[in-house]
Each structure stands twice: as structure tokens, then as C-alpha cells.
Amino acid sequence: MGYPFQSAQVFDAADVNDLPGRIVARAKRETASSTTTTEIAVLRLDGIVIKNGWVYEICTSPLVFDSSVANDVIWGRLRTSTSGAATTSSTILDAMAETANSASGNQRAAGFSTLYESAVDGVLSVLLSVARIGGTGNVRFSASTSFPMHLWVRNGGEDPGDTGVEL
């Protein structure tokens with residue numbers, strides 16, 4: 001695996017997207033999502049240029065899972081689309097369930113870090129959503145100016161493939 005540039009190649013600003021390790025898209029939200037009992041969109045990144053055979057790391061800051069009642073199960077999802085803006089019906093890339101603490105108003109925080117393995121040259125859209133999958137309350141991701149939600153995509157370069165060993 002090497003860098004996508006050759007010696008003596010002219011390097012211009014458009015080539016910066018091809019540098020592995022670079023954050024190629026990011027979003028920030030400083031307000032809580034709406035409360036919900038079904039899946040709703042919270043934060044989306046569009047127009048991310050991707051390359052066939054490359055891998056991209058999709059991450060969030062710690063997300064504050066919040067419910068109006070005790071013991072709800074809240075599901076955060078990352079969804080992707082290469083055919084337009086990602087929606088709550090797009091392909092699920094990753095999901096994380098959190099059980100609300102034993103009293104309403106108690107919150108827990110957890111973040112995503114997952115990989116997207118590109119099989120096409122094109123444009124990617126990434127959606128962060130939230131849903132209640134168990135319980136009776138209204139759920140949301142909480143955020144504020146002092147504790148914002150972040151979503152970002154980092155270029156991982158050429159995908160080395162699955163080189164791990166299952167034990």
C-alpha cells in the first residue's frame with residue numbers, strides 16, 4: 001500500500017482529499033435533537049468524495065443518550081448512501097444501543113468509530129439518527145454549546161482488506 005502520488009507529480013489543492021488520515025468532512029450540532037419514539041435524523045454529512053478500494057473511518061464525539069423515563073433502550077445509528085442524501089431508510093452502517101439509567105434524566109454518553117469500505121468511486125452521504133427501541137419514553141441525543149455533537153469522516157487510504165485472524 002502506498003500513497004496515491006508519484007515523485008515529481010504536480011500536487012494541487014484537489015489532491016488533498018487523497019491524503020490518508022485527513023478529515024474529509026465534519027459536522028457539529030450544538031442543540032439537542034427532537035424527542036422521539038421512532039427513528040429520526042439528527043446530523044448528516046453529504047458530498048463526501050470516495051474511491052473504490054479505499055476505507056473511511058466514520059466517528060462521532062461522545063453522544064448523550066437521553067430519555068424522559070427510566071430504562072428505555074435508545075438506539076443510535078449511522079446510515080450511509082451513495083445514491084443521494086442518506087435517510088432513516090438508508091443502509092445501516094453501524095448501530096449502538098444504550099439502556100437509559102435507572103432514573104429519568106440520567107444520561108449516558110458513548111461514541112461511534114466504524115469503517116466504511118468503499119466499493120465504488122462516487123459520493124457518500126452519512127446520517128446519524130436516534131430511536132427508541134424499547135420502553136415507553138421520549139428519547140433524544142442531548143447537546144449544547146458546551147457539549148456539542150460532532151460527526152466526521154477520515155480518509156483511511158487504500159483498504160488493506162481484512163488481514164485479521166479470527167480466534
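Predicted model: local features only at pLDDT ≥ 70, side-chain atom pairs only at ≥ 80, totals over all residues.
**Exercise 1.** Find which residues of the largest nonpolar core touch the most other members.

*Solution.* Begin with the core itself, which holds 28 residues. Ile48, Val126, Leu128, Phe141 and Leu151 touch the most other members. Now look at where the core comes from: several strands each supply at least two residues, including E1 (23-29), E2 (40-50), E9 (122-134) and E11 (149-158). Strand E2 gives the most, with five residues. Finally, pick out Val126 and list its partners beyond four places in sequence; among them are Leu43, Ile48, Ile58, Leu78, Leu151 and Val153.

**Exercise 2.** Decide whether Thr114 is buried or exposed, and find which residues Thr114 is in contact with.

*Solution.* First locate Thr114 in strand E8 (residues 113-117). Its relative accessible area is 14%. Buried means under 20%, so Thr114 is buried. Then set aside the neighbours within four places in sequence: Thr114 is in contact with Tyr56, Glu57, Ile58, Leu78, Leu93 and Asp94. Take two of these partners in turn. Ile58 is 56 residues away along the chain, yet the two C-alpha atoms are separated by 5.4 Å. With Asp94, there is a polar contact between the side chains, at 3.2 Å.

Definitions and conventions. Residues numbered from 1 in each chain as written. Heavy atoms only, no water. Core = buried A, V, L, I, M, F, W, Y, C linked by side-chain atoms within 4.5 Å. Buried < 20%, exposed > 50% of the residue type's maximum accessible area, 1.4 Å probe, protein only. Helix = DSSP H or I, 4+ residues; strand = E, 2+ residues; numbered from the N terminus. Contact = heavy atoms within 4.5 Å. Polar contact = N/O pair within 3.5 Å; in protein donor to acceptor, adjacent residues only side chain to side chain.
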